[in-house]
Structures are given as C-alpha cells and as structure tokens.
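Student: Please take me through the salt bridges in this model. I would like a close look at how the paired side chains are placed.

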Amino acid sequence: LVETRDGRLWIAGADMLTYKNNIWLSFAENQLPEKFHRKLLLETSDGALWVAGIGEGAGRLDYDTGKWQTYQGLLFQCETPDSLSWFIDQDGGIVSSDGKKWIRYGSEDGVIDAPVRLFAAKNNILWAIGSHDSTAATARFDGKTWIRDLHPKLAWGLHRNSAVCETAEGHMWFSATVNRLIDRGQVGGLLRFTPASLAKTGEPIWTHFAPPETPSSAYGIAQTTDGKLWIAGAHGLRYFDGQTWHFPKQEELRETPCDELLSTPDGELWVGTRTLGVFRLKKGIWTQYTTREGLVDHKVRMLRQKKHGNLLALTSQGFTGFDGVSWTPYTTPGMVFDEKGLGLSDFQVTGNNTLWFNYCDFFWFDRARPNAPQGPISLYTIRHQPDGHPPRTEITESIDRISQPGNTFVFWKGTD
C-alpha cells in the first residue's frame, strides 16, 4: 500500500488498484510487465512507480511523469512546419492541434469522407489519402482550402502507411489499395501527381500507371538519391528509372513479399520483408539482416529513422533498433498488441525522437470498401517523449588485459 505525491493511493494485490478523487482504476495482471506473486511498491524521486516481486523482476510505471500521453479516438499522422500535429479521428474527420486549440475538418470542408493517411509535403501542402464515396480519392490542403480529387479507375481506396512518396523533383506518388473492384472497371496501379509548378500546361496533372506495367498495388514507395523510384509489394521489389520498370539485382527481393520501404537522406534504401528480415542497399551493395544479426523476427512490418540516423524496425514480435553497427531488441512489452488484443497499426518518429504509437481495429481502414464488415471501432494514439538524457553508468571493476584465448568480466552500476 503506497500513497504517491499526487495523492493517489496504490494497492497491490492479485491485481493493482489505484484510487483518487473517488475514482477506482484497476490494472489486471496481464497489464503488468511481469507476473508478480508478492508485489512491492516504491515511488522514486522522478514520480514513477516501481512494482517488484520478492525474488522476481521489477517494472516501472510512468503514470504521471509527462513522458506518456494517450489520445483517445485519434490516430496521429504527421507534424507540419507551423507546429501543428495532425490526426484522423474515429469518424474520419481530420484534426489539427497546436497543443492548445483543436480544429476539425470534415467532408463539408472538401475533405474525403474516409481518409486513412495524412502526408505533409515539403511545399507546405497537407495530403489526405483514402476514399470518398467508396472511390479512391485524395484531398490537398494549402492551409486555407481543401481540393478533392477522385480516381475511379484506380480502386475503391488508396493504400496507407508507406505507400505515399514525395520525390525530390516535387511529384507525389500514391498506390491503389488491394482488392480492387474489377466489376466497376477498377484496374489498380500507381498514381503520380505533377503540381502546376512542374507541368508545362501550368495545371496539375494526374498520371495513372496501370498493370501490367506496374503491380496492381504497392505497400511501400520510396525514392533514393540517384532518382530511382522503388515500390514494394506482395510480388517483390521493383524500381522505376523514369522510363522503364526494373527488378533489383538481389534475386530474393524479386518475388519475396515486401511490406515496407525506407529511403534515408544519405542514399540508403531499407526494405522490410515478410519472411526474410531486412535488406539494405548501400552504394550498390545489398546486405541482409535476420535474427542472426539481432532482429527479433523475420517479419518486418515497419521501418522508421530516428534522430542521428538510428533505425527502428517493428516486427511481429516487437521492436528492434539499429545503431549503424548492430541490432538491439527494444524493451517495449505489450506494444505490438495492447491488453485487449488491439493491434499496433502504425508508429511515427517526430522531432526530438518523440514516438507515436497508433492502435486501431484493422478493418477500420477498409470501412469504405463496399460490403466491408462493420462493427464497434476502437482506436487511440500513445505519445512517448523520451527525456533525452542517457543513463549514467560507471564501470566499477574490470580486467585491463587478458590472454588469448581467455575470459574476462566487467562489473558496472548505473541509474536512469
């Protein structure tokens, strides 16, 4: 039994109970980092609550430190240079916040009625990608007005996550979603948007790249610094040199399902596959990373780059970080699926390595598809702001020199 500095009472029993302002909350055993038989409680100087078991492990609850914040009914999408954070709400509205004021845009404002992704382009245009009236659609926002376009020959919707790309030249690329409706004349493929500033006519131009020239849909689109446009999908990896589509030299990637692409400012291309781990293309050389190199699983769903170039990969078994040399599992218990089984649908990294985790019923993204299953929807975002201070560590005892072959030992202590 512990009372923390905010006046909250904590009770450790079979479950964890907390009480404040006449409100009781309960944390079931499966919500704790470990299964503790006899629980000990301790509040530390930074306001965190530690839970430990006698002769067992320990877990830290950052319940009131400001590092974690939950946004119910919202999915985080991106940040824009005007310091706005952008979300999609449960009803399909587009929401912006400057930390104090919230503004919502709906179809009455020119927004599409079923957005699944927002993308902030470098020319200060915000893109909404998804569907409108069960037809693939986009809407772009210049800060004052939304302009909506429908793409009926493409599909019933556009793909989300990494299947959106802005090229160095200023073109925008989008992909049809899967399960296009052939009876409606939908053929799938890719869309390229050429802004008026690049078009000879002075008017924006939409160009449809249809099968068999391109795959019917893509899960990821990225451009490398040599100008090649790469697309990843269920049938492997391809690239476009501006005239023709090609397969990569790495044979495993020609047919292996690829779910994610990430291009970095230094010219590297990272590919997340469904069964073969991660591939990196650097200076024309492909390198494969699997569980042998430290990945926690071969099914890689998402890749994001953090500040200073470190990489964060989401696999079906959790997160793994890459520091440029080696892969290290991240201690994020319960982050792939929450305690109710709700899946992590996306995560983003923004300034100062702030992490945004989106949780959503996956059929919500297909809600615009005709005859799609409907039901109660649950979605929310968790934001994590790291403190930016590394742990303070000290090596207390070690051996300066050892023979070869030989063994060594290191004793250390640290605080975080």
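**Salt bridges, pair by pair**

Tutor: Start with Glu 394. Its relative accessibility is 41%, so Glu 394 counts as partly exposed. This is a predicted model. Glu 394 forms a salt bridge with Lys 413, and their closest N and O atoms are 3.8 Å apart. Glu 394 sits in strand β36 (residues 392–398) and Lys 413 in strand β37 (residues 410–415), so the bridge ties together parts that are 19 residues apart in sequence.

Now take Arg 304 and Asp 346. Their side chains meet in a salt bridge at 2.8 Å, N to O. This pair also links distant parts of the chain. Arg 304 belongs to strand β29 (residues 300–305), and Asp 346 to strand β33 (residues 344–350). The two are 42 residues apart. Both Arg 304 and Asp 346 are buried, which means a relative accessible area under 20%.

Next comes Lys 20. Its side chain meets that of Asp 6 in a salt bridge, 3.9 Å from N to O. That distance counts because the cut-off is 4 Å. Lys 20 is in strand β3 (residues 16–20), while Asp 6 is in the loop between β1 (2–3) and β2 (9–12). They are 14 residues apart, and the pair links distant parts of the chain. Lys 20 is partly exposed, at 24% relative accessible area.

Asp 6 and Lys 20 also belong to a network. Salt bridges link Asp 6, Arg 8 and Lys 20.

Finally, the total: the model has 12 salt bridges. Among them are Glu 394 with Lys 413, Arg 304 with Asp 346, and Lys 20 with Asp 6.

Technical notes. Residues are numbered from 1 along each chain as its sequence is written. This is a predicted model: local features need pLDDT of at least 70, side-chain atom pairs count only at pLDDT 80 or more; totals for chains, interfaces and linings use all residues. Side-chain values use heavy atoms; hydrogens and water are left out. Helices (H or I, at least four residues) and strands (E, at least two) are DSSP runs, numbered from the N terminus. Buried means under 20% relative accessible area, exposed over 50%, partly exposed in between (1.4 Å probe, protein chains only).
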